[in-house]
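Colleague: I would like to learn how to read a model of this kind. Could we go through it feature by feature?

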Amino acid sequence: MPEGNHSWINDTKQAAKAAPTASFHNPPQKVANSLNHTQHARPSAFRRSQALMKILVTGGAGFIGSHTVERLLREGAGDVCILDSFNDYYNPEIKRANIRSFKDQVAIHEGDLTDKAFIDALFEKEKPDAVIHLAGRAGVRPSIEQPELYIDVNIKGTFNLLEAARRTGTKHFVFASSSSVYGVNKKVPFCETDPILQTISPYAMTKMAGEQMCSNYSHLYGIKTVCLRFFTVYGPRQRPDLAISKFTRRIQDGQPIDKYGAGHTARDYTFVTDIVDGILGALNYSDGPICDIFNLGGSQTVTLNDMIATIEKAVGKEAIINAMPEQPGDVPLTSADVEKATRILNFRPTTHTDEGIPRFVEWFNQMRAEGIAC
Ligand SMILES: NC(=O)c1ccc[n+]([C@@H]2O[C@H](COP(=O)([O-])OP(=O)(O)OC[C@H]3O[C@@H](n4cnc5c(N)ncnc54)[C@H](O)[C@@H]3O)[C@@H](O)[C@H]2O)c1
């Protein structure tokens, strides 16, 4: 466990009741998860029993949220509840399928972040010790078409949560930010200390505002907030609007895919279970600044050409390429500097796209076999 990563459970009202001897340094063991994969359990991010901690995961039916809930339950991290609106930004059947494995083990609060009365009642009932806030409107392009919706959900919704957290005594708040806050930053890799002066989409602006609100609530009310800037997360259950999904769908269906430029642009892709490692690290991080920010990226960059080839291999079909001119404003490379997350959160992404893409395609095929459009 790196220096600086101490369990915040010591500070909570449950600390006195927590079993003092339990260790979360589990030896690797075989576990079956809901995707029917047998895999080696990752070493736990927790150092001691947090079995009495109440954790609210917002967006718990979504892509990253459902993986996070499964992992928290597998590790016995606490009493987990979720909040999700199951909205139709993409097929809600996918979200219902995402929660199948845990819907009987967690309290599910179906409602909207923007409904202040609902949020207040939820916090009064659950009084969460920690919140992992993943709910929100994602996607850059739709935010340009519906900026007000993004402001309502991502800014006002986050405000509603922080306000309720302040009132009911939540100690720890993990916030899903995004690499998009780096905006026009030309320096790579992107580093947390880079100045954030010019976001270039409503989505990015709302994430920046979320980080700033976290800073306010830490400073004014002593809530520990940890903002995580995710870099292109992919894997089973990923949102259908992401490029990997679109490519997979079209290659499977024998339809052409648009390839912009020569295919040399490169992106930092992060497999979802690696992201969940970082989220758990953030949940367990109690010292350092009361508000802190971390990049969570895959620390590997993959070119568009390589990504298409990997998907072709996993699908077992060649792509029909529709060559398009380079898109104006397309940055040649996104890359996360994850030194800080590695040092403080023990974040060490391990899943390469050669392994991650076939796992995504396997899930994609399973959904299609069940008649769930994804
Ligand atoms: N996936 C990525 O590559 C990526 C990258 C950067 C940041 N993020 C952020 O991570 C978080 C999770 O992303 P994801 O990819 O899992 O998205 P997702 O859309 O699969 O999950 C978000 C969940 O939030 C719920 N939700 C949306 N609006 C809501 C509202 N008003 N009230 C209650 N619930 C609501 C949705 O129903 C969904 O289940 C988001 O905040 C997103 O902005 C994701």
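Modeller: The strands involved are β3 (residues 54-58) and β6 (residues 130-133), which pair in the parallel sense over four bridges. Strands are said to pair if DSSP finds at least two bridges between them. Strands (E, at least two residues) and helices (H or I, at least four) are DSSP runs, numbered from the N terminus.

Colleague: How should I take the numbering and the confidence?

Modeller: Residues are numbered from 1 along each chain as its sequence is written. This is a predicted model, in which local features need pLDDT of at least 70 and side-chain atom pairs count only at pLDDT 80 or more, while totals for chains, interfaces and linings use all residues.

Colleague: What is the strand order in the open sheet, and what is the sense of the pairing?

Modeller: In general, the side chains of a regular strand alternate between the two faces of the sheet. Here seven strands form an open sheet with parallel pairing, in the order β5-β4-β3-β6-β7-β8-β13. The edges are β5 (107-110) and β13 (291-296); each has a single partner strand, so one side of each is left without a neighbour in the sheet. From one strand to the next the twist averages 20°.

Colleague: Which strands does α5 touch where it packs on the sheet?

Modeller: First, the terms. Two residues are in contact if their C-beta atoms, placed from the backbone, lie within 7 Å. Axes are lines fitted to C-alpha atoms, for helices over the stretch in contact, and angles run from 0 to 180 degrees between N-to-C directions. Helix α5 touches β3, β6 and β7, and its direction makes about 175° with that of β6. Helix α8 (residues 272-283) also packs on the sheet, touching β6, β7, β8 and β13, at about 165° to the direction of β8.

Colleague: Which residues of helix α3 are buried?

Modeller: A residue is buried if 20 or more other C-beta atoms lie within 10 Å of its own, exposed if 12 or fewer, and partly exposed in between, with C-beta atoms placed from the backbone. In α3 (residues 116-126) the buried residues are Ile119, Leu122, Phe123 and Glu126. They cover an arc of only 95° around the axis, which puts them on the same side of α3; the arc is that of the directions from the helix axis to the C-beta atoms. These buried residues pack against β3, β4, β5 and α5. The face turned away from them carries the exposed residues Ala117, Glu124 and Lys125.

Colleague: Is Thr158 buried or exposed?

Modeller: Thr158, in helix α5, counts as buried because it has 26 C-beta neighbours inside 10 Å. Leaving out residues up to four places away in sequence, Thr158 touches His133, Gly210 and Met213.

Colleague: Which residues come nearest to the ligand?

Modeller: A residue is near a molecule if its C-beta atom, placed from the backbone, lies within 6 Å of it. Of the 28 residues around the ligand, Gly59, Gly62, Phe63, Ser85 and Gly136 come nearest. Two or more residues of the shell come from each of α1 (63-74), α5 (147-168) and β7 (172-178).
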